[in-house]
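This report describes selected local features of the structure shown below, with the conventions stated where they apply.

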Amino acid sequence: MSECIQFRPANCKDCHKCIRHCPVKSIRFTNHQANIDARACILCGNCFVVCPQNAKQIRNDVPAAKALIASGAPVYVSLAPSFVANYAGATLASMDAALRALGFAGAEETALGATLVKREYDRMTHDGAHSVILSSCCHTVNLLVQKYYPAALPHLAHVLSPMQAHCTALKQAHPGCKTVFIGPCISKKDEAERYPGIVDCALTFEELTAWLSEAGVAVAPAPDTAAPGRARLFPTAGGILRTMAADNPDYTYLAVDGVENCMRVLEDVSEGRLDHCFIEMSACAGSCIGGPAMDRSRRAPVTEFRAVDRYAGREDFAVPQPEPAALEKRMEPIDARPPAPGGAAIEAVLHEMGKFTPEQELNCGSCGYDTCREKAAAVLQGKAELSMCLPYLAEKAQSFSESIIRSTPNAILVLSETLEIRQLNNAACHLLGVDDPHALIGEPVMRLLDPLPFLELQRSGRALQQKRLHLAAYKKHVDQTLVLDRASRLIICIMRDVTQEEAQREAREALSRTTIEVTDRVIEKQMRTVQEIASLLGETTAETKVALTRLKESLRYE
């Protein structure tokens, strides 16, 4: 069984948004790549919807549906009633025509199966055998109960979902046929596989839209020839209750949507804090019309609710009701929780993240987990990495950069775009004779340095590299480099103290000048000697003069 939601590795950008929005934290993050832990996943589709990089994709089962059609067996579609919200102006007749053009034998509404299910819910409330009854239409809610709230499992209605009930009826009406469900839900793919023999393939509206586009088939307007039924309301919040009689005065009937809200209710149910309730539960906010696999352009809950509401009838579909046993569905607990790490192990991970006291546990949620301790447990379970802690990384980076700035022998000043001092390191304080650096923060740079080079940098936008300056006020010589960081709107000034080098250079120049002066005196003396004994040493004296002159010139160049 392959995963229904798959990841595109190249697209993941370490944003951890999928973890933040996963209600059961079933995302495993390793080597800067998010992956789904299928054992823990409830297929709510939140990670698919919220991913800003489009790094998640729903498994494409169109090839499987095409293979069913190519097999020669008649293939019938069970079409979720939310189709009217996804395809504006569509009717069952127009959808049936489009699906037949793709090769299907026909299409019927899943709402027919919903009618059977809601009647069974009414029967259960009238029997009074169950104090609390949770609807079982939403496979994601079922998985949530099976994996995380097994204590509430006895309260989950062991009834086929509308998809299963309808596809069972289709196979009874058309012996030997295959069935394909099409709707806005990702988890229906898993439900079809988990209960084989009922639904042969499950597609999403997004998959159908792409298939229609590929085949050049349009959903053309057509009059609705099907008898309306109120079970078409199932994909709306409270829609199940609106179709039920809900007339047992001993029961409280209520609807809950959204995984987080469902989890709170399940906690109450598990702890025995509720009784005599029928609770309609849907994982998606707004129920199925808010499903993750609605076309991306269909994100207008009020408009979509009205479309479904107007398409629904006010009476039940005229379909025969099977015996309760024919609608029964067994759901067992599913082991999804990894062993909980011990407190000492969690403390050790927290210490690695630089968190030694409760006050240091910021619980900022940037890693995707609600608390630092949850994150530490996830690290121990192999689901998260230490580097996912943003404050930890920021503190580590800041500590590293501050260590470099603090220990470098070069003077560093950071200025704002208005040439105000934002930061200066210890070397800068020593170079410029600053006793209290904090007193200079926010002060103009002209209090310490000539502002003209900084103004020139702002004008040109080009870094000024290794310009040697004499800071007369400080009796210092420096090599100054200025850098403009446009992204942060800061100017960075780096100064290397070359006072000692400059003093050595001046000493060498002074020595050269002294040597030249001595050489000049020697030449003068030689010339006087030449005049006295020119007849005897003329040629030799001339050569000496040339040699000394060359020495003198070479000293000048140095």
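## Helix α17 and H430

H430 belongs to helix α17, which spans residues 426–432; helices (H or I, at least four residues) and strands (E, at least two) are DSSP runs, numbered from the N terminus. With a relative accessibility of 66%, H430 is classed as exposed; exposed denotes over 50% relative accessible area, buried under 20%, and partly exposed in between (1.4 Å probe, protein chains only). The C-alpha atoms of H430 and P409 are 10.0 Å apart, with a separation of 21 residues in sequence.

## Basis of the model

The model is predicted: local features need pLDDT of at least 70, side-chain atom pairs count only at pLDDT 80 or more, and totals for chains, interfaces and linings use all residues. Residues are numbered from 1 along each chain as its sequence is written, and side-chain values use heavy atoms, with hydrogens and water left out.

## The five-stranded sheet

An open, antiparallel sheet is formed by five strands in the order β13-β12-β16-β15-β14; two strands pair if DSSP finds at least two bridges between them. At its edges lie β13 (421–424) and β14 (464–471), each pairing on one side only. From one strand to the next, the twist averages 25 degrees; axes are lines fitted to C-alpha atoms, for helices over the stretch in contact, and angles run from 0 to 180 degrees between N-to-C directions.

Three bridges join β12 (residues 411–416) to β13 in the antiparallel sense, and L413 has L424 of β13 as its bridge partner. Helix α18 (residues 452–460) packs on the sheet and touches β12, β14, β15 (476–485) and β16 (490–497), where contact means heavy atoms within 4.5 Å. The direction of α18 makes about 30 degrees with that of β15.

## The buried residue T236

T236 is located in the loop between α10 (205–215) and α11 (239–243), and its relative accessible area of 0% makes it buried. Beyond its neighbours within four places in sequence, T236 contacts R242, E280, G286, S287, I289, F305 and V308.
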